[in-house]
Amino acid sequence: MATKFLTKNIFLNLSTALPQAPAFKPSLATLKVSRVCYTSSSRYSKGRNAAEESRGSRSGKVFASAKQDAGFNTDDITKRAEEDIKKTKETAQDLSDSAKGYADETKKKAEGAAASLGDKAKEVSARAGENAEAAKENIMGAAESAKEKAKEGGEKLAENVESAKESLKDAAESAVDKAKETGQKLKDAITGDGK
């Protein structure tokens, strides 16, 4: 994405740096190609060095004078292009620095969030451990309480059984005494000793 931006910027800056002279930029619509070819061996050179030899010709002089009239200076264009490239490099460096800064900030935020989640997980784990310990203590207390109540209930049951045994013994003795008494009264009544 950044390379596309840089490329566009360079081409736009270069196109604005070049002079806008319509005489040197023929459009495709106005350019007419002729199919007529003239051959003349005396005027034009042929071969490998034809371009170099033709520079000294009349067309080269016309181009040079037109270039001077239009203010077309390659040094100015080169300087402008270098300045534009330098500005583009600075912009790219600024963008790179800001991207690095953003990446660092994002990394720090992610690390902070991870640390916070870790701390919360530790807190939850600690609370769960405390709750488990409290539940264990409650269960142990309830079991101890049930054991004591069972022991007390057993003691009370033993006391109740003992007291019931004594009550039954007393009741039996009392019944035996009464039976003896009643038997004596019957005996006396039959024998007539009583009244």
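E83 is found in helix α4 of a predicted model. Helices (H or I, at least four residues) and strands (E, at least two) are DSSP runs, numbered from the N terminus. With a relative accessible area of 48%, E83 is partly exposed; buried means under 20% relative accessible area, exposed over 50%, and partly exposed in between (1.4 Å probe, protein chains only). E83 and N13 are 70 residues apart along the chain, and their C-alpha atoms are separated by 9.5 Å.

Residues are numbered from 1 along each chain as its sequence is written. Because this is a predicted model, local features need pLDDT of at least 70 and side-chain atom pairs count only at pLDDT 80 or more, while totals for chains, interfaces and linings use all residues; side-chain values use heavy atoms, with hydrogens and water left out.

**Overall picture**

The protein has four helices and zero strands, in the order α-α-α-α from the N terminus. Its average pLDDT, the predictor's confidence in each residue from 0 to 100, is 76, and 67% of the residues score at least 70.

Of the 195 residues, 3% count as buried. The accessible surface comes to about 17500 Å², and 57% of it belongs to carbon and sulfur atoms; such areas come from the Shrake-Rupley method with a 1.4 Å probe, and for residues only the protein chains shown count as cover.

**Charged side chains**

A salt bridge is a side-chain nitrogen of Lys or Arg within 4 Å of a carboxyl oxygen of Asp or Glu. The count by this rule is one. The side chains of E123 and R127 meet in a salt bridge at 3.8 Å, N to O. E123 and R127 are four residues apart in helix α4, so about one helical turn separates them.

| Residue | Relative accessibility | Class |
|---|---|---|
| E83 | 48% | partly exposed |
| E123 | 45% | partly exposed |
| R127 | 48% | partly exposed |
| E181 | 48% | partly exposed |

E181 lies in helix α4. With E162, E166, D170, E173 and D177, E181 forms a negative surface patch. Patches are made of residues with over 30% relative accessible area and no salt bridge, with like charges joined within 9 Å. Asp and Glu count as negative, and the place of a charge is taken as CG of Asp or CD of Glu.

Terms used: Patch = residues over 30% accessible without salt bridge, like charges linked within 9 Å, V, L, I, M, F, W, Y side chains within 5 Å.
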